[in-house]
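Below is a short briefing on one protein model.

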Amino acid sequence: MDRFVYLDNSATTKISKAVFEAMVPYLTEHYGNPSSIYRIGREAHMAIDEAREKVAKALNAKPQEIFFTGCGTESDNWAIKGAAHRLAKKGKKHIITSVFEHHAVLHTCRSLEKEGFEITYLPVDSLGYVNPVDVKEAIREDTALVTIMYANNEIGTIQPIEEIGKICREKKVLFHTDAVQAVGNVRIDVTAQNIDMLSLSGHKINAPKGVGALYIRQGVVIDNFMDGGAQENNRRAGTENLASIVGLGVAMEEAHNGLEEKAEKLSALRDKLIDNLLQIPHTRLNGGRENRLCTNVNISFEGIEGEGLLLLLDLNGIAASSGSACTSGSLDPSHVLLAIGLDHGIAHGSLRLSLGKYNTEEDIDYALQVIPQVVQRLREMSPVWQEMKEQGLV
Ligand code: PLP
């Protein structure tokens, strides 16, 4: 196979050259422990502070509001459990979230339920948006936290974060957003948007895996997640992942500087994919077209299984993902697709193509050449499709 087209950038991304080059010295020469007082330790400490400034700038936050973590999942766990445990001491044991959050948030909420917290799971509409009015109505006297994702990882819908932030600030309730998929694709301003805590992850924005960050607004106090040393201003223990933090800083700077240009290019590629794939009969786009990540295409094809689609695409050199079964280790289709009202059958036949800054028009043309053929081939072999034919449905 000589052709390889990577269309799974929401799963992870390739490290950028500038990120890699910035990291190398911190793996080779400047390998000191940032807590050590001699020269290479101080250099390491300074490199972390510089990365902190870059991350803060990209979010319009203050450097002291940025805390480095091990991944987006850790940031979500820390924000939600830390706020829950801290505010439970004041009798606030209610949390509001949505049904279609990433498992890093949903499973954290489930675990808090087992500890006696009450969670409200807000619905989303058929296009994949949370209604801010629902947030407002769900807030109670004992609400500790609202946690709503910035953009959905499967269907790419961007949530009304500013409106939700305003409601939470007015009601004096903490607001956390999982922005793992939004960072680098959407202009974020934590100050203007009244965000109290925001999670992000390095490997989604061309930095390495195993590094993330949590923004915590100055003045917001949450419990620590791990016990140990005094790193990260006494709030996140553990020797810092120095080289990766340096990489994350550079990736945030690159993402911040090139955002509008990237969004314009990728929106055009995304629209080309969507418009052409919808020409295939009996397909539907999942998630609204307005307020959608420039990187996300999610299409369901009636009569076929996502796994078959992924395997045949892989044979043709295309890496993508689907919202069904084996990829998630479960037989149920994606909770996100079910949340927007898809029935099990059509949810199983879904395909997520997620674009990144290295994708080209040629990649898209190739995908548009391969996908219709693969769908046709799978439909010809599909008993479900044959049955639909016999019933005159297709
Ligand atoms: N939140 C969202 C919306 C995600 O898409 C992901 C990863 O796919 C995560 C959290 C978890 O991030 P990480 O892989 O860095 O733990």
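The points that follow are grouped by topic.

This is a predicted model, in which local features need pLDDT of at least 70, side-chain atom pairs count only at pLDDT 80 or more, and totals for chains, interfaces and linings use all residues. Residues are numbered from 1 along each chain as its sequence is written, and side-chain values use heavy atoms, with hydrogens and water left out.

**Aromatic pairs**

- Rings of Phe, Tyr and Trp (its six-membered ring) pair if their centres lie within 6.5 Å; planes under 30 degrees apart count as stacked, over 60 as edge-to-face and the rest as tilted. By this rule there are 2 aromatic pairs.
- Phe-4 and Tyr-6 make a tilted pair, with 6.3 Å from centre to centre and 35° between the planes.
- Phe-4 is exposed at a relative accessible area of 58%, while Tyr-6 is partly exposed at 24%. Buried means under 20% relative accessible area, exposed over 50%, and partly exposed in between (1.4 Å probe, protein chains only).
- Phe-67 and Trp-78 make an edge-to-face pair, with 5.8 Å between centres and 80° between the planes.
- This pair links distant parts of the chain, 11 residues apart: Phe-67 is in strand β2 (residues 66-69) and Trp-78 in helix α4 (residues 72-88). Helices (H or I, at least four residues) and strands (E, at least two) are DSSP runs, numbered from the N terminus.
- Phe-67 is buried at 2% relative accessibility, and Trp-78 is buried at 0%.

**Charges over rings**

- A charge sits over a ring if NZ of Lys or CZ of Arg is within 6 Å of the ring centre and within 35 degrees of the ring normal.
- The charged end of Arg-3 sits over the ring of Tyr-366, at 4.7 Å from the ring centre.
- Lys-93 has its charged end over the ring of Phe-117, 5.0 Å from the centre of that ring.

- β10 pairs with strand β9 (residues 283-285) in the antiparallel sense over 3 bridges; two strands pair if DSSP finds at least two bridges between them. Arg-284 stands opposite Ser-300.
- β10 also runs antiparallel to strand β12 (residues 350-354), joined by 5 bridges. In this pairing Asn-296 stands opposite Ser-354.
- Ser-354 is in β12 and is buried, with a relative accessible area of 0%. A polar atom of the Ser-354 side chain lies 2.9 Å from the backbone nitrogen of Asn-9.

**Ligand site**

- There are 13 residues around the ligand, and Thr-73, Asp-178, Gln-181, Ser-201 and Lys-204 come nearest. A residue is near a molecule if one of its heavy atoms lies within 4 Å of it.
- A polar side-chain atom of Ser-201 is 2.6 Å from a ligand oxygen atom, and one of His-203 is 2.9 Å from a ligand oxygen atom.
- An N or O atom in the side chain of Lys-204 lies 2.5 Å from an oxygen atom of the ligand.
- The ligand on its own has 390 Å² of accessible area, and the protein covers 88% of this. Accessible areas come from the Shrake-Rupley method with a 1.4 Å probe.
- α4 gives the most to the shell around the ligand, with 3 residues.

Notes. Polar contact = N/O pair within 3.5 Å; in protein donor to acceptor, adjacent residues only side chain to side chain.
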